[in-house]
Each structure stands twice: as structure tokens, then as C-alpha cells.
Amino acid sequence: MKILPTRPLRLPRLRTYVPRPEDPKIFWFNSERADILDDVVRRIMERYDAEESVELALNDAAYHEIRRLEASKSEGARKKLEYWRGILRRVGRMSIEGKHETLRELAQSMAKDVAGNFDPRVYHFASRFVPGVLTAAMNPSSIVSNVLRGGGRMDDLVTAEGPLDKIRHISKRGTVVLVPTHSSNLDSIAIAWALFREGLSPVVYGAGKNLFTNPIISFFMHNLGAYRVDRRVRAMLYKEILKAYSCVAIERGYHSLFFPGGTRSRSGAIESRLKLGLAGTGVEAAARNYARGIDRPVYFVPATINYALVLEAETLIEDYLKEEGRARYIIEDDEFSRIERWISFFNKFRGLDSVCVIRFGEPLDPFGNEVDEQGRSKAPDGRIIDADSYVSRRGTVSVDSRRDAAYTRALGKVLAAAYQRETVIMATQLVAHVVFRRLVRATPGLDLFARLRHRGSIAIPSDELVEEIGQTRDRLVALEEQGRVHVSNFVRRQPPQNILDGVLTTWSGYHSARPIVRMHNGSLIAEDPNLLLFYQNRVRNFAPDIAGDQEADQIAAREIAGMGRDA
């Protein structure tokens, strides 16, 4: 199969960089890339060793690719279609050796298309200039000075919280697998900047192939560890190659990142039904290292990425409400691809303390146990335990896909609970929740979609709204003291009136032509219930605990907590 890769941009003026011993391991990635691909193909061939399984893999790949390509009208698709139809016609008459050779060629082609690169020169360039460019978007008059300074307000815009010293230490002891929530296509940029600033290594990560269509974004992703994931390809062989590639990278000590939710949260809520997908390769990689006697533990680090304003909120909530999230899966054209929305997006944060708070949780072993400062696994009662005991039987460590799948599901539950605890409530989410709660109170007996048609019909006196914001904020702070959630510094420190004013400024004029809310004659008018729903969904699970004492508030809170599903 010949897959045409996206042609990357080139920077010929970048000086040659020779990795140093003290550099992160990923700086050496390109020197091992060929070995990694060989290892991936070898594992695929071992998995499909029997003739029956080889023929099944070829038939399955041909069937799914033919179906996919028949729906395309491009000239390239027609050529590939003939290739796959040829395989389907010939596979029954192929010799055993012919089938194996065809499978090997397919595996090599697919693995090469998936594999990423890492260029230290591009990394140094990006870490110096990209923050300045993004900051300059907020203040075009200072674009030159911001680019030359290499950052400006980026330190203020993206903040990191959590056990960072501990994560730095264990990242030197073993391989870290970051597993954050997923809200926006900006997540990878925000995480990358936070890792750089906190002195943590860059990571290997999978990115949807549709994101590589933008030549600028593609250039950086192609050279900074991203490997391509084509969600349109349904072939079993392709999925096995993705898993093998990820597993080999983790085994070799390359810190990695996965979004266990699978795709961006369409509803705006924190993910609780995790798909896990490639994250399970971290469990397999740990078992393989244990089995080979390699002392390189694997640690999972949950994290939440919390935005005051989500770049693609309109598209995401529309997709969620139309119940097309599962069927469409890939949103081909949204706010992320429009440069004017980027500029407007960054312009909205001049009055807030931060654009984004990334909160890292406690590191875990692959079996859901917390680890101590030395990276040793701890039982719930605090005892130090041997993690390899989870993958050994009668003293012999083995690789068992069914067992590892069970461990991955159990780990998913631990991660989902960590996401709830490590959520940071932002000012926009707090205000949206208070306003949406009022909307629910004012429309008893209606279902969600009937409520969302109430545009501009709900008015809340400003003094009442400010009081409710203050009371709700105080209840969230009380939950924070119990270790159940977190709030941003802006929410914690500012008086309620300042919180409301900051949110109104942030929302003003960004999302569509219709405002989310507007002030009129001393009252706030709820104009866009869809976006209010999106932002308040981040608070949804805590609604009963932060509602007022009035029965109407309690009823509204229970309805909000029971709304919808994660998407």
C-alpha cells in the first residue's frame, strides 16, 4: 500500500544539532526510528504467524480500505482502490510466502506512515519563538518585542499545578505516560509549553491525521514527536500497528501522551467514560519490560486541562447536541483552523489571571496504585509493594493481553476519579453554571432541548446574580478543602462582582454574532443557552453540592447533575 504522506515544511537554516548525554532521551529518537519501525513490523509478523490469520488480516484490510476509498472521488483514492481490489482478488491464490510478504509490505508501509520524528532544532526554535508569536496575537502592536523576548505573557496564560517535583523525579527513574483530559486542539500546545517550562521532557503522542493538513501546524507536529493516527482507517492491521508502535516507544523509554477520552469532550464535561485505546499499551509495555528484566518502570500521570474559554466550543456543543459526535468523530472544519478565531481567542484574556490551568495528579503505576517519591508502588494502606507481582504467575513474569486489558479497564476507573478531583473550575464555568441553574429553575418540567430554545427570555437581576456567584464560589472552595475539586486563583481571590465583570469581558464578541449573555437595564439576559450548557457542564457533577438551600435550587441542581452523557 502506498500512502502519500503530508509534505512537511523545511527549515534549511537551522544548524545541525548533535544530542548531548544530558539531553532528554527523545532528542535521540530519530537515530532509533528505523529500529523502532523494524521492531513494530517484527511484532506484527509474529502476531500473524499462522497462514489463516495472515489471510484474515489481508482480507480485513482490503475490505475496509475498499469501503473507505469507494466513498472518495479523488484521483489518488481511485489508484489506491485498484491496489486493494487487486489484493482481494489475488489473496486466495497466493502462496504462504506470498501472503506473508504482502502482509510485511503492508505493515512496513502503514508503520512508516504512522511514525513520527523529533528534531531538537525545531524543539529549540519552537520553545523560543512560538510562545512569543502566540502572546503577540493578544497585542499586535508589540509583536516584534514579544517574538524577540520569546514568550511575554505565556507564563501567565498557561499555569501548571500539582506534584511537579515528584513527576520530575520519577521521569528520570522510568517512563512517564501523561493521560490528560481533552477539551481542545490547543491541548497539545498547552501541554508542550507546560512541560518545557517545568523542566520536563517532551513526549511522543498520537495526533489525528486531519490536523496535519495545516502546513504550519503539520511542520511542528511532524518534527516534535507526533505520530499520525488516521481515524478513517478501520483495518484491524492498522490498529495493531498503532498499538505496537506506541508500546515499543514506551518500552524504550520515550515519555508518551494519550488522551484517554479518545477525542475532544463534545459536551464540555470532564470525561468519565474513558475509551483508553492506546493508553493500554502502557500496561503492556510495563509487562514486557518486567518480563525481560528491564528496570524501567512505567508511570501514568493524570492531568486536567482547564480553559476559561474553549476555542472550538460552538462546534463541539453543536456536535454534541445533534448527537453526531460518535458518527462524525472527526470535525474537519472548526474554529481551530481559522486564524482570525485564534487572534480573537487570545485577545480575550487580558483581564484574567490565566487562559489555561493544567493540573497534574499523583503519579500511578500501571495497575492504579499511587507511587512514592522514589517511584515505588504503594498499597492503599501505604505499604510498598512490588508492581511486577501483578504480571507474574508462580514467580514467572509474562505478557498476557487479556490480563493486561483487565488492568487497563481498572486503571481507567482510577483515572476517571482523578479527573474529577483534579478539575479546576474557571470563572467562565462558575458564572455559566449559576446562570444555567437559573434557566432550569425558570423552566420547570421542560427537557433539555426545550430549555435550550429559551434564548433571551430569562433575565437575572445583577445584584441577585452577583450574590449567587459569591455563594456558589464559597461552596466550591469548601469542596476544594475536602479534596474533591479545585478552583482557579481568579475564582478564589476575586470578589464576585469582579468575577462577573471578567467573564462578561471574556465572552463579549468571541462566540458567534450572538452573545452568550448581555446586560440590559441592570439584569443579565441569557442569550445563548447552548454555550452556557457547554461551559457549565464542567461543573455538572458538583451541582447538588454547590446549590442553594432553596428547594427550587436543589431541584434544578439535581436535574443538571443528571443531564446528558459524556461526549
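I started with secondary structure: the chain has 24 helices and 16 strands, taken as DSSP runs (helices H or I, at least four residues; strands E, at least two) and numbered from the N terminus. This is a predicted model, where local features need pLDDT of at least 70, side-chain atom pairs count only at pLDDT 80 or more, and totals for chains, interfaces and linings use all residues. Residues are numbered from 1 along each chain as its sequence is written, and side-chain values use heavy atoms, with hydrogens and water left out.

Next, burial. Of the 567 residues in the chain, 57% are buried (under 20% relative accessible area; exposed is over 50%, partly exposed in between; 1.4 Å probe, protein chains only). I also checked contacts (heavy atoms within 4.5 Å): among those with a separation of 6 or more, 76% join residues 24 or more positions apart.

**Helix pair**

I looked up H17 (427–442) against H24 (551–561): the angle is about 105° and the axes are 9 Å apart. Axes here are lines fitted to C-alpha atoms, for helices over the stretch in contact, with angles from 0 to 180 degrees between N-to-C directions. So H17 is roughly perpendicular to H24, a label that covers 65 to 115 degrees. H17 brings His-433, Phe-436, Arg-437, Val-440 and Arg-441 to the contact, and H24 brings Ala-552, Asp-553, Ala-556, Glu-559 and Ile-560.

**Cores**

Which residues touch the most other members of the largest nonpolar core? Out of its 89 residues, they are Leu-178, Ile-358, Phe-360, Phe-436, Trp-507, Leu-532 and Tyr-535. A nonpolar core is a set of buried Ala, Val, Leu, Ile, Met, Phe, Trp, Tyr and Cys residues joined through side-chain atoms within 4.5 Å. H17 gives this core its largest share, nine residues. Domain 1 (120–422) and domain 2 (424–566) each supply at least three residues; the bounds come from an automatic or database domain assignment. I noted a second, separate core of 74 residues that includes Ile-26, Ala-126, Phe-219 and Tyr-238.

**Loop residues**

Phi of Leu-276 is near 65°, positive in a residue other than glycine, and Leu-276 is buried at 12% relative accessible area.

Is Asn-521 buried or exposed? Asn-521 is exposed, at 71%, and lies in the loop between E15 (517–520) and E16 (523–526). Its phi is near 50°, also a positive value.

Terms used: Angles under 35 degrees count as roughly parallel, over 145 as roughly antiparallel, 65 to 115 as roughly perpendicular and the rest as oblique.
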